[in-house]
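Reader: Please take a close look at the salt bridges in this model, and then at the nonpolar packing. I would like the cut-offs stated along the way.

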Amino acid sequence: MQTKVKLTKRVVSLATALVTGLSAVGVTGIPGGVFGTLSASAEDGHNYVNGFCTDEGCASPYEPATEENGTYQIANAGNLYWFAEQVNDGNANLNAALTTDIVVNEGNLANYDGTSENTWREWTPIAADYGRYKGTFDGQGHTISGLYFNDSSAECIGIVGDLGRGGVIQNVGLENSYFHVYQYTAGICGYNSGTIRNCYNAGTVIGEFIIIGGIVGAFEVGTVSNCYNTGNITGKSDVGGVCGNNMMRSNTIENCYNTGNITGDMDLGGICGENTANAIIKNCYNIGNVTGTDKRIGGIIGRNASKFVENCYNTGTVTSTGENTDTVGGVCGLNSSNYLTNCYYLADSETDKLDGTTFKTAAEFASGEVAYLLNGSTSGDANIFRQNLDNGERPMRPRFWTAPTMWFTKECFAQVGQATPTMKIPQVKFTPGTTTVSAKMTTPTTSRRQITTAHTRFPTPVNCIGLRIR
């Protein structure tokens, strides 16, 4: 198999580092912390460790992936880097499938402080520099872990940097990874114009500027469905757990959720930072904390200047330390359209003051009322949201969905093992210019109130925050 390879100084230095890291009896000190035994490739006779060549004469530092029925089989980290290299050399329509879980770097990447010395191998995305990948990348239920990228001037970073029209990313999870960039970045895809389904991000994504997300950074056109984020996402503006900016045409985000912490200045949301044009968000929920320093901050969406946001709920804490606290809401920070429909947030009194959003207490969530309302006040097997009122199983966060059925589960705030659990509300100090809404407190918040503490008891475990697939 003929392989076109473009060797850069950076690639050559990586290959050299691999060679010098070998000992006479085995493999030690391999950059990235991934250790293994030498293996010979049937394709070219060279020796590889985790798919990275250890011979001086390698034409490429990466082990080529094998092709089966038009799809490259990604069996190790080197195969993944090789595939990215092929796409970045102009082969935008290639298909790939993971055959196992891929580990690139070991160590605690997700909690990296951003400055400590490390020997992690850096990632160059599939379709870097707005290359518009148009093939299908199928994880087949596997994960990629240990991706590392740390360049605060870069943009369009993810497993795939830029997904073009007709392109598909599906059935893959990103774990224990760290991306520090400038803008237009997410764990799965930096810039999306295709289809992303059945994916999740559990890595850390930090942007110095705008449009940062857990699954997608900038969403131009297409669909994101059955995806979730548990990683911490940070940026300046247009930051969301699933999508940074749902920006054009008839985009759809559906059946998605976020549990990670979202941090930034303005236009922040648990699901999406900003929703514009004719974009749609439906059947989504957030339980992560959303914290900003300015305006337009919401549990589901920071700013809705678009069409529909429907059938969504938030039980996370939404906080702003800025002066524009009138655009901080349990569901939506600022609604410039009239298309918020059937959305709910956890509170003991109204804070959003927006048509289409309704506060519900923890008891109302626990009773099954909210699940019933989210389903359009109907019951039946076809409903998206389900709630089991009879058992106390904890929220189940599946890696991938097999059907678009959402469940509430029990013990929203319950302490495991208590017959009569206590929901503890932390002490909150209010100062002028600070607003906290939607959650875990029993009184509405105003700058006039100085200190609030509370403890609320429920006769049975409270459930309001999980998803499950039947």
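Author: Arginine 132 is partly exposed at 25% relative accessibility, where buried means under 20% relative accessible area, exposed over 50% and partly exposed in between (1.4 Å probe, protein chains only). Its salt-bridge partner is glutamate 220, with the closest N and O atoms 3.3 Å apart; a salt bridge is a side-chain nitrogen of Lys or Arg within 4 Å of a carboxyl oxygen of Asp or Glu. Arginine 132 sits in the loop between β7 (102-103) and β8 (136-145) and glutamate 220 in the loop between β17 (216-219) and β18 (223-225), so the pair ties together parts 88 residues apart in sequence. Helices (H or I, at least four residues) and strands (E, at least two) are DSSP runs, numbered from the N terminus. Glutamate 220 is buried, at 12% relative accessible area.

The model is predicted: local features need pLDDT of at least 70, side-chain atom pairs count only at pLDDT 80 or more, and totals for chains, interfaces and linings use all residues. Residues are numbered from 1 along each chain as its sequence is written, and side-chain values use heavy atoms, with hydrogens and water left out.

The whole structure holds 7 salt bridges. One of them joins arginine 296 to aspartate 267, with the closest N and O atoms 2.4 Å apart. Arginine 296 lies in the loop between β30 (290-292) and β31 (297-298) and aspartate 267 in strand β26 (residues 266-269), so this pair ties together parts 29 residues apart in sequence. Arginine 296 is buried at 15% relative accessibility, and aspartate 267 is buried at 4%.

Another salt bridge pairs arginine 303 with glutamate 274, at 2.9 Å between the closest N and O atoms. Here strand β32 (residues 301-304) supplies the arginine and strand β27 (residues 272-275) the glutamate, 29 residues apart. Arginine 303 is partly exposed at 28%, whereas glutamate 274 is buried at 9%. Through shared partners, salt bridges also join Arg132, Asp162 and Glu220 into one network.

As for nonpolar packing, the largest nonpolar core has 73 residues; such a core is a set of buried Ala, Val, Leu, Ile, Met, Phe, Trp, Tyr and Cys residues joined through side-chain atoms within 4.5 Å. Phe83, Ile126, Phe137, Ile144, Ile196, Val224 and Ile253 touch the most other members. Helix α2 (residues 77-88) gives this core its largest share, 7 residues. A second, separate core of 14 residues includes Ile287, Ala362, Leu373 and Leu374.
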